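Here are my notes on this model, point by point. Please keep the structure open as you read.

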Amino acid sequence: MQNDYLIDMFHVPLLHLQVRNWNIKKLQLMEILNDVELEIADGDEIHTNFYQQSNNDQLKHIFEEEFDIFCNHFSFSSYQIRNSWFEVAKKHDYHPAHNHYPLGYVGVCYIQYDENIHKPIRFLSPFTNFVNGSILYHNPKNVKEGSMLFFPASIIHETKPNKSDIERMVVSFNIRV
């Protein structure tokens, strides 16, 4: 009798959901975005309001249903949006590899996104390929407007340059649980 078995030692969760009532929520997000001043700050390669005051309360209200789903999936009893910001990737804009603190989660919602011309966020594995040492990537599938992703804040991620004249727009959150 053999007792050989293969197990996965580590698991990195990624919750991908479709925002409920997307058409209504998209209009609400666009209204907020119209009042936001975007800039490229030192070291950034994307238009953002990250360094300005955020709209946490408005966004928490808009995404109340999605944050409830997030908490239910991960069995969190509560959460707090630490900060939130919009990013608009104009032609050639991208976001270099980075992470968000060692603790908590990040949420990203795609406000304006054409899956035929835009690329979604790309995740870099916290460990390399065991055979050749190369970097491992995860590219989420089926990302479209109204997609919302939640992932651990410590995971390194990036976006590739927008090659289109059509802007890619997202709103992101740092979440304490």
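**Notes on the fold, the core and selected residues**

1. Start just after H3, where serine 75 takes a positive phi of about 60°. Helices (H or I, at least four residues) and strands (E, at least two) are DSSP runs, numbered from the N terminus. Most residues other than glycine have a negative phi. Inside H3, the buried residues are Glu66, Phe67, Ile69, Phe70, Cys71 and Phe74. Buried means under 20% relative accessible area, exposed over 50%, and partly exposed in between (1.4 Å probe, protein chains only). An α-helix has 3.6 residues a turn, so residues three or four places apart point the same way.

2. A word on the basis. This is a predicted model, in which local features need pLDDT of at least 70, side-chain atom pairs count only at pLDDT 80 or more, and totals for chains, interfaces and linings use all residues. Residues are numbered from 1 along each chain as its sequence is written, and side-chain values use heavy atoms, with hydrogens and water left out.

3. Overall fold. The chain has 3 helices and 10 strands. Read from the N terminus, the order is β-α-β-α-α-β-β-β-β-β-β-β-β. Contacts with a separation of 6 or more are 83% between residues 24 or more positions apart. Contact here means heavy atoms within 4.5 Å.

4. Dimensions. Along the principal axes, the C-alpha atoms fill a box of roughly 65 × 40 × 30 Å.

5. Of the 177 residues, 44% count as buried. The chain exposes about 10700 Å², and carbon and sulfur atoms supply 50% of that area. Areas come from the Shrake-Rupley method with a 1.4 Å probe; for residues, only the protein chains shown count as cover. There are 15 positive and 22 negative charges, and their mean positions are 5 Å apart. Lys and Arg count as positive, Asp and Glu as negative; His and the chain ends are not counted. Each charge is placed at NZ of Lys, CZ of Arg, CG of Asp or CD of Glu.

6. Which residues have the most contacts inside the largest nonpolar core? They are Leu59, Phe63, Phe67, Phe70, Met148, Val171 and Phe173, in a core of 29 residues. Such a core is a set of buried Ala, Val, Leu, Ile, Met, Phe, Trp, Tyr and Cys residues joined through side-chain atoms within 4.5 Å. Elements that each supply at least two of its residues include helix H1 (22-34), helix H2 (56-62), helix H3 (64-74), strand E8 (147-152) and strand E10 (168-176). The largest share, 5 residues, comes from H3. Another core lies apart, with 12 residues, among them Val108, Ile121, Val143 and Val170.

7. Methionine 148. Beyond four places in sequence, its contacts include Leu15, Leu17, Phe63, Phe67, Val108 and Phe173.

8. Lysine 25, buried or exposed? At 7% relative accessibility, lysine 25 counts as buried. This lysine lies in helix H1. Neighbours within four places aside, lysine 25 contacts Val19, Arg20, Ile62, Glu65 and Glu66. Methionine 9 is 16 residues away along the chain, yet the two C-alpha atoms are separated by 39 Å.

9. Serine 172 sits in strand E10. Its relative accessible area is 5%, so serine 172 is buried. Leaving out residues up to four places away in sequence, serine 172 touches Asn83, Ser84, Trp85, Gly107 and Val108.

10. Two loop residues to check. Histidine 92 is in the loop between E3 and strand E4 (95-98). Its phi is positive, about 80°, although histidine 92 is not a glycine. With a relative accessible area of 58%, histidine 92 is exposed. Asparagine 142 is in the loop between strand E7 (137-138) and E8. Asparagine 142 has a positive phi of about 60° and counts as exposed at 67% relative accessibility.

11. Proline 96 belongs to strand E4. Its relative accessible area is 30%, so proline 96 is partly exposed. Proline 96 touches Glu45, His157 and Glu158, not counting residues up to four places away in sequence. Isoleucine 156 is 60 residues away along the chain, with the C-alpha atoms of the pair separated by 9.7 Å.
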